[in-house]
Amino acid sequence: MSGKTLKIASIPGDGTGPEVTAEAMKVLAAVAKLDNIAYEVEPLDWGGDRYLKTGEIIPDGGLDLLRAKDAIFLGAIGHPDVAPGILEKGLLLDLRFKLDQYINLRPVKLLPGVETPLAGRGPADIDFVVVRENTEDLYCGVGGYLKKGTPDEVAVQQAVYTRKGCERCIRWAFEYTQKRNSPKKMLTLVAKTNVLTYGHDLWWRTFQEVAKDYPDVKTDYNHVDACCMWMVKNPDFYDVIVTTNMFGDIITDLGGILQGGMGVAAGGNLNPDAGGVSMFEPMGGSAPKYTGQNVINPIAAINAMAMLLEHSGYPAAGKRIDAAVAQVTGTKMKSQAAGKMGYGTKEVGDLVVAVLS
Ligand code: IPM
Ligand code: MN
């Protein structure tokens, strides 16, 4: 390989995060041997337990530590003793924003042997990718209260859209669609231009303008509500979807269940700019009730590791993992649901390692 060392920061996080991270790391070790990848992993104990002990979420100097890495692996965050929103905002969203990971890439791919709730559909029908803008919209935390706690209370939560923010995301999505080069080669903008007549008008105009630079990519537009119908009725219609942060959050949970649920769905928070550091995570939460029981599905975390390698300059290693995972879901696992896999968490990791080739 290139002679360089792939430097990874690992944040296993809360609940079952450490268990699924361990399996992803096991697969990384095995594929690194096959592909001759030199790598080092720095484990970080950030998450709910540390916060409860120290009151700190991202410790001093933490961001600079991450900026010096090539990639970040995040297991899961969310702790039963920490109020909702604190760790989500203080860790996950903070990292996305401060590291300017402006693309949230979420493949929706039904693997062989994996059950989808859509009757009569198989892997040939469900294979598309959602490119979710990851730094703007309702997620900015812009807003406030007036007369809080009184009967006259007013709460304002504003969606922020910038030309720069939507253009860089839309442009990346066009490039990605071009590279993906599927027979459809189609990018669908998903928004709500009939109601969000300022913010989504900006997205619409920007989409039209940027499209001119990619004449080989077909373009399409869906309102987000219609998209939810079409994703269920005709998932085979889609190739790549580009959408805003909030809508992307919602439709990727729908996509997640189409591909077999949170046991398999993974995503990448990408800062594709030179020197940018990207973060890869299974999409599911920390599932605290399953902690320490060796029942949680590690496939999503292993898929996230494949994405990490693919986007860090090791696409062949990523593909090797993809192929091994497809073999394990297709020929070994009974289900993708926690506790119903026919194997334990560690055994699923071992199965993937055993068929890596
Ligand atoms: C996701 C999650 C997060 C989000 C939460 C945990 C803040 O749902 O990654 O999709 O809303 O982005
Ligand atoms: Mn979500």
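Ligand 1 lies between domain 1 (1-103 + 266-357) and domain 2 (116-259), because both give residues to the shell around it. The domain bounds come from an automatic or database domain assignment. This is a predicted model, in which local features need pLDDT of at least 70 and side-chain atom pairs count only at pLDDT 80 or more, while totals for chains, interfaces and linings use all residues. Residues are numbered from 1 along each chain as its sequence is written, chains are lettered from A and ligands numbered from 1 in the order in which they are written, and side-chain values use heavy atoms, with hydrogens and water left out.

Which residues surround ligand 1? They are Glu 88, Leu 92, Arg 96, Arg 106, Arg 132, Tyr 139 and Asp 249. A residue is near a molecule if one of its heavy atoms lies within 4 Å of it. Helix H4 (residues 86-98) gives the largest share of the shell, three residues. Helices (H or I, at least four residues) and strands (E, at least two) are DSSP runs, numbered from the N terminus. By class, the shell has five charged, two nonpolar and no polar residues. Here Ala, Val, Leu, Ile, Met, Phe, Trp, Tyr, Cys and Pro count as nonpolar, Asp, Glu, Lys and Arg as charged, and the others, Gly among them, as polar.

Taken alone, ligand 1 exposes 320 Å², and the protein buries 74% of that. Accessible areas come from the Shrake-Rupley method with a 1.4 Å probe; for residues, only the protein chains shown count as cover.

A polar contact is a pair of N or O atoms within 3.5 Å. Within protein, one atom must be able to donate a hydrogen and the other to accept it, and residues adjacent in sequence count only if both atoms are side-chain atoms.

## Aromatic pairs

A pair of aromatic rings is described by the distance of the centres and the angle of the planes. Rings of Phe, Tyr and Trp (its six-membered ring) pair if their centres lie within 6.5 Å; planes under 30 degrees apart count as stacked, over 60 as edge-to-face and the rest as tilted. The count comes to six aromatic pairs. One of them is stacked: Trp 172 and Tyr 176, 5.2 Å centre to centre with 15° between the planes. About one helical turn separates Trp 172 and Tyr 176, because they are four residues apart in helix H5 (residues 163-180). Trp 172 counts as buried at 15% relative accessibility, and Tyr 176 does at 16%. Buried means under 20% relative accessible area, exposed over 50%, partly exposed in between (1.4 Å probe, protein chains only).

Phe 174 and Tyr 214 also form a stacked pair, 5.1 Å centre to centre with 10° between the planes. This pair links distant parts of the chain, 40 residues apart: Phe 174 is in helix H5, and Tyr 214 is in the loop between helix H6 (199-211) and strand S9 (218-223). Phe 174 is buried at 0% relative accessibility. Tyr 214 is buried at 5%. Elsewhere, ring pairs link Phe 128, Phe 237 and Tyr 238 into a cluster.

## Buried charged residues

Helix H1 (residues 17-35) holds Glu 23. Glu 23 is buried at 3% relative accessibility. Its side chain joins that of Lys 26 in a polar contact of 2.6 Å. Asp 35 is also in helix H1, and counts as buried at 12%. The side chain of Asp 35 makes a polar contact with the side chain of Arg 320 (2.5 Å). The C-alpha atoms of Asp 35 and Ser 357 are separated by 9.9 Å, though the two are 322 residues apart along the chain.

Arg 50 lies in helix H2 (residues 48-54). Its relative accessible area is 18%, so Arg 50 is buried. Its side chain makes a polar contact of 2.9 Å with the side chain of Glu 56.

## Positive phi angles

Most residues other than glycine have a negative phi. Asp 137 is not a glycine, yet has a positive phi of about 75°. Asp 137 is in strand S6 (residues 137-146) and is buried, with a relative accessible area of 2%.

Asn 181, not a glycine either, has a positive phi of about 50°. Asn 181 is found in the loop between H5 and strand S8 (186-191). With a relative accessible area of 48%, Asn 181 is partly exposed.
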